[in-house]
Amino acid sequence: MDRHWEVEMKRKLAGAISAVMLLLSACGVEYQPTQSGVFIKLDKSLEGAYIETFDNENYNIEDLEKMGQEEVQAYNKEQANLEFYSSEQTENILPISLDSVKKEGNNVVVRMSYQTAEDYSTFNADDIALAGGNTIYTENLSDTMVDLTGEFVTVTGETATIEEIMSHGDYQLVYVNYEADVTVEGEVAYVSTNVNCNSKNNVNTPAGQDAYIIFKKAGGIF
């Protein structure tokens, strides 16, 4: 085999692999929570993670899973007349899907998917109230029904005007008025000054305050 040809093929293959990896990274981020929180997707659906220390005296995984299945099925029946608790059971789009209930290390981890932020807010109303509020909302800036108020900064801490932010109509807004750990499928561009940024796609919001996160697709292409 010609050595030059072999080197050239390896170079092209490496380039193709890099392009694929870049494309995959631009499509978003995988949600790998280490604490309870919510993941906001680009399609405006949500994932919820509930992580608590496993107590052998009070927890039984099978019982927890059964209870979760019953609660989710009841919600789906009431909201959409669909008597399922998991998207694996039906081709219909469910308001909520119970994805998994597992013991991981010393924790019990519950993962759920929500079709809309309204489904998330409604199903978790009691927990959200305990966290100091009642609402989570997401929509593109061009279509939002929630007005931006207060002071804003970029993810690097520079002052940003509401006019500047609203010029990015295809960026996605997340509004939260309770204490929450929020991860987005993309990169945070702007936040209200009461939001704490932990990384390019994860923030914490305070209890009882209007908090805003504006994010874009990873890689800056939206």
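User: Is Asn81 buried or exposed?

Analyst: Asn81 counts as exposed, because its relative accessibility is 54% and the exposed class begins over 50%. Keep in mind that this is a predicted model. Asn81 sits in the loop between helix 2 and strand 3.

User: What is the phi of Asn81 near?

Analyst: Start with the general idea. Most residues other than glycine have a negative phi. Now the case here. Phi of Asn81 is near 55°, a positive value in a residue other than glycine. Lys44 also has a positive phi, near 75°. Lys44 lies in the loop between strand 1 and strand 2. With 23% relative accessibility, Lys44 counts as partly exposed.

User: Where is Ile93, and what does Ile93 touch?

Analyst: Ile93 belongs to the loop between helix 2 and strand 3. Ile93 counts as exposed, because its relative accessibility is 60%. Leaving out residues up to four places away in sequence, Ile93 touches Leu82 and Gln115. Ile93 and Leu82 are eleven residues apart along the chain, and their C-alpha atoms are separated by 9.2 Å.

User: Now the whole chain. How many helices and strands are there?

Analyst: The chain has five helices and 13 strands. It holds 222 residues, and 41% of them count as buried. Its accessible surface comes to about 12800 Å². Carbon and sulfur atoms account for 49% of that surface.

User: How do I read contacts along the sequence? What share of them join residues at least 24 apart?

Analyst: Take the contacts between residues at least 6 apart in sequence. Of these, 58% join residues at least 24 apart. Ile51 and Lys102 give a pair to look at: they are 51 residues apart along the chain, with C-alpha atoms separated by 9.8 Å.

User: Is Ile51 buried or exposed?

Analyst: Ile51 counts as buried, because its relative accessibility is 16% and buried means under 20%. Ile51 is in strand 2. Setting aside residues up to four places away in sequence, Ile51 touches Pro33, Thr34, Gln35, Ser36, Asn107, Val108 and Val109.

User: What about a charged residue? Is Glu139 buried or exposed?

Analyst: Glu139 is buried, because its relative accessible area is 18%. Find Glu139 in strand 5, residues 136–140. Beyond residues up to four places away in sequence, Glu139 touches Lys44, Thr144, Tyr171, Gln172 and Leu173. Lys44 is the loop residue with the positive phi.

User: How do I read a nonpolar core? How many residues does the largest one have?

Analyst: The general idea comes first. In soluble globular proteins, nonpolar side chains tend to be buried together. Here, the largest nonpolar core has 34 residues. Ile40, Ile136, Val182 and Ile213 have the most contacts inside it. Strand 4 provides the largest share of this core, four residues. Apart from it lies another core, of 14 residues, among them Tyr137, Phe152, Ile165 and Ala189.

User: Which residues does Ile40 touch?

Analyst: Do not count residues up to four places away in sequence. The contacts of Ile40 then include Ile136, Val182 and Phe215. Ser45, Thr138, Gln172 and Glu185 are also among them.

User: How do I read a pocket? What is the volume of the largest one?

Analyst: Rolling a probe the size of a water molecule over the atoms shows where empty space is left. In this model, the largest pocket has a volume of about 830 Å³. It is lined by 31 residues, and the closest to its centre are Tyr50, Glu52, Val110, Asn124 and Asp127.

User: Which element gives the most to that lining?

Analyst: Helix 2 gives the most to the lining of the largest pocket, with five residues. Elements that each supply at least two residues include strand 2 (46–53), helix 3 (117–123) and strand 9 (180–184). By class, the lining of the largest pocket has 20 nonpolar, five polar and six charged residues.

User: And the second largest pocket? How many residues line it?

Analyst: The second largest pocket is lined by 13 residues. Ser45, Leu94, Ser113, Tyr114 and Gln115 lie nearest its centre. Its space is about 180 Å³. Strand 3 and strand 4 each supply at least two residues of this lining. The lining divides into five nonpolar, five polar and three charged residues.

Conventions: Residues are numbered from 1 along each chain as its sequence is written. This is a predicted model: local features need pLDDT of at least 70, side-chain atom pairs count only at pLDDT 80 or more; totals for chains, interfaces and linings use all residues. Side-chain values use heavy atoms; hydrogens and water are left out. On a 1 Å grid over the protein atoms alone, a cavity is a set of points where a 1.4 Å probe fits but cannot get out, and a pocket is an open set with protein on both sides within 12 Å along at least five of seven lines; lining residues have an atom within 4 Å of a point. Grid points are joined across faces, edges and corners, and a volume is the space filled by probe spheres set on the points. Ala, Val, Leu, Ile, Met, Phe, Trp, Tyr, Cys and Pro count as nonpolar, Asp, Glu, Lys and Arg as charged, and the others, Gly among them, as polar. A nonpolar core is a set of buried Ala, Val, Leu, Ile, Met, Phe, Trp, Tyr and Cys residues joined through side-chain atoms within 4.5 Å. Buried means under 20% relative accessible area, exposed over 50%, partly exposed in between (1.4 Å probe, protein chains only). Contact means heavy atoms within 4.5 Å. Accessible areas come from the Shrake-Rupley method with a 1.4 Å probe; for residues, only the protein chains shown count as cover.
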